[in-house]
Amino acid sequence: MRKSLGAALLALAIAGAGAAPAVAAPVNSADSFGKSTDTSSVTSVVNDAVASTTETLGQVLTPKAKAVNFAGTVALSNCSGSVVRFSDSEDNDPALVMSNGHCLETGMPGPGEVVVDRASSRTFSLLNASGSRVATLRASKIAYGTMTDTDVSIYQLTTTYGQIKSSYGINALTMADTHPVAGTAITVASGYWKRLYSCNVDGFAYRLKEGDWTFKDSVRYTSACNTIGGTSGSPVIDQATNKVVAVNNTGNEDGQRCTVNNPCEVDESGNVTVHQGINYAQETYQISACFGVDNKLDLNASGCVLPKP
């Protein structure tokens, strides 16, 4: 069961765990799934806040360099996201914002449902390296969104990468085009909460089943990435390359088996495993093959494996 966002904000404020969003997120269908706006128990958020404060104190006593910051991340009304580009994107291409499919303002897509080229005027708060909002970006459309096989949404913006760079000094995050590797040091960068979660890729789930949805080849984190509601859609960044390797989306909260907010892993033989308290992300390396010249979506392109409508 999840608690109200107001209680989460109060707990975080008391603990001094970080800045709260400017406005409370509205209640919508995404609030009951994955890592969108938090409605979990008071205890879980207080524990998370205390853990964050302890981690911060440790960093003060034993400072260490962190290459990953908030530059290029965004805050949505109910989730996190990032401005992303591919290795062959050009500065005059319309910029793209990536988040989760379950964060779409149109509601969570059902199993087998794919949203393509749907008009949208959604806004995103663009953050700089320190996590301060420097601009409001606006979508022209939802280029792609689904919760089938993966959990991703890609918005096309009304501005180009070059315009964002020249106006605000912010570069888009580059998407890696190779499969992530177990053991890799990663950071989940939440624009909604303005918080960084650092851990490692623990491994991969052949199938991750959550309620009516099934995700393929999901990234499993080590326990240090104890992400909370509102972190849905956060980019998962390889600390060595600063490239995006996945998009944060869910975790098993209560130890239940294969229910919403309690995904289970299913192996190739059909065996089910539950990892309570462990969180997951969806790989993104395969997305670049589906976008061509001028960042136009082409689901029939060679190498594109994203589900079609």
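**Strands, rings and a buried aspartate**

Let's start with a pairing. Strand 5, residues 123-127, is joined to strand 6 by 5 bridges, and the two run antiparallel. A word on terms. Strands are DSSP runs of E with at least two residues, helices are runs of H or I with at least four, and both are numbered from the N terminus. Two strands pair if DSSP finds at least two bridges between them.

Now the ground rules. This is a predicted model, in which local features need pLDDT of at least 70, side-chain atom pairs count only at pLDDT 80 or more, and totals for chains, interfaces and linings use all residues. Residues are numbered from 1 along each chain as its sequence is written, and side-chain values use heavy atoms, with hydrogens and water left out.

Back to strand 6. Where does L127 find its bridge partner in strand 6? At R133. The hairpin of strand 5 and strand 6 has 5 residues between the strands. Within that hairpin, G131 takes a positive phi near 95°.

Strand 6 covers residues 133-146, and strand 4 covers 114-119. These two pair in the antiparallel sense, over 5 bridges. Look at V116: Y144 in strand 6 stands opposite.

Next is strand 7, residues 152-160. How many bridges join strand 6 to strand 7? There are 6, and the strands run antiparallel. A139 has L157 in strand 7 as its bridge partner. This hairpin also needs a turn. Between strand 6 and strand 7 lie 5 residues, and D149 takes a positive phi near 70° there. D149 is a residue other than glycine. With 23% relative accessibility, D149 counts as partly exposed. Here are the cut-offs: buried is under 20% relative accessible area, exposed is over 50%, and partly exposed is in between, using a 1.4 Å probe and protein chains only.

There is another non-glycine residue with a positive phi: N295, near 60°. Find N295 in the segment after strand 16, which is 279-283. Is N295 buried or exposed? N295 is buried, because its relative accessibility is 2%.

On to the core. The largest nonpolar core has 43 residues. Such a core is a set of buried Ala, Val, Leu, Ile, Met, Phe, Trp, Tyr and Cys residues joined through side-chain atoms within 4.5 Å. V83 and M98 have the most contacts inside the largest core. Among the elements that give two or more residues are strand 2 (80-85), strand 3 (94-99), helix 3 (161-168) and strand 13 (244-251). Which element gives the largest share? Strand 6, with 6 residues. Another core of 16 residues lies apart from this one, and includes V188, Y192, V201 and I228.

Now the rings. The whole structure holds 4 aromatic pairs. Rings of Phe, Tyr and Trp (its six-membered ring) pair if their centres lie within 6.5 Å; planes under 30 degrees apart are stacked, over 60 edge-to-face, and the rest tilted. Take F33 and W213. Why is this pair edge-to-face? Because the planes are at 75°, with the centres 5.2 Å apart. The two residues are 180 apart in the chain: F33 sits in the loop between helix 1 (5-15) and helix 2 (42-61), W213 in strand 11, residues 213-221. F33 is buried, at 0% relative accessibility. W213 counts as buried too, at 10%.

Then F124 and Y155. Their centres are 5.1 Å apart and their planes at 70°, so this pair is edge-to-face. F124 is in strand 5 and Y155 in strand 7, 31 residues apart. F124 is buried at 0% relative accessibility, and Y155 is buried at 0%.

Last stop: D151. This residue is in the loop between strand 6 and strand 7. D151 is buried, with a relative accessible area of 0%. What does the D151 side chain reach at 2.8 Å? The backbone nitrogen of G101. A polar contact, also of 2.8 Å, joins the side chains of D151 and H102. A polar contact is a pair of N or O atoms within 3.5 Å; within protein, one must be able to donate a hydrogen and the other to accept it, and residues adjacent in sequence count only if both atoms are side-chain atoms. Leaving out residues up to four places away in sequence, D151 touches residues including F33, T146, F215 and Q282. Contact there means heavy atoms within 4.5 Å.
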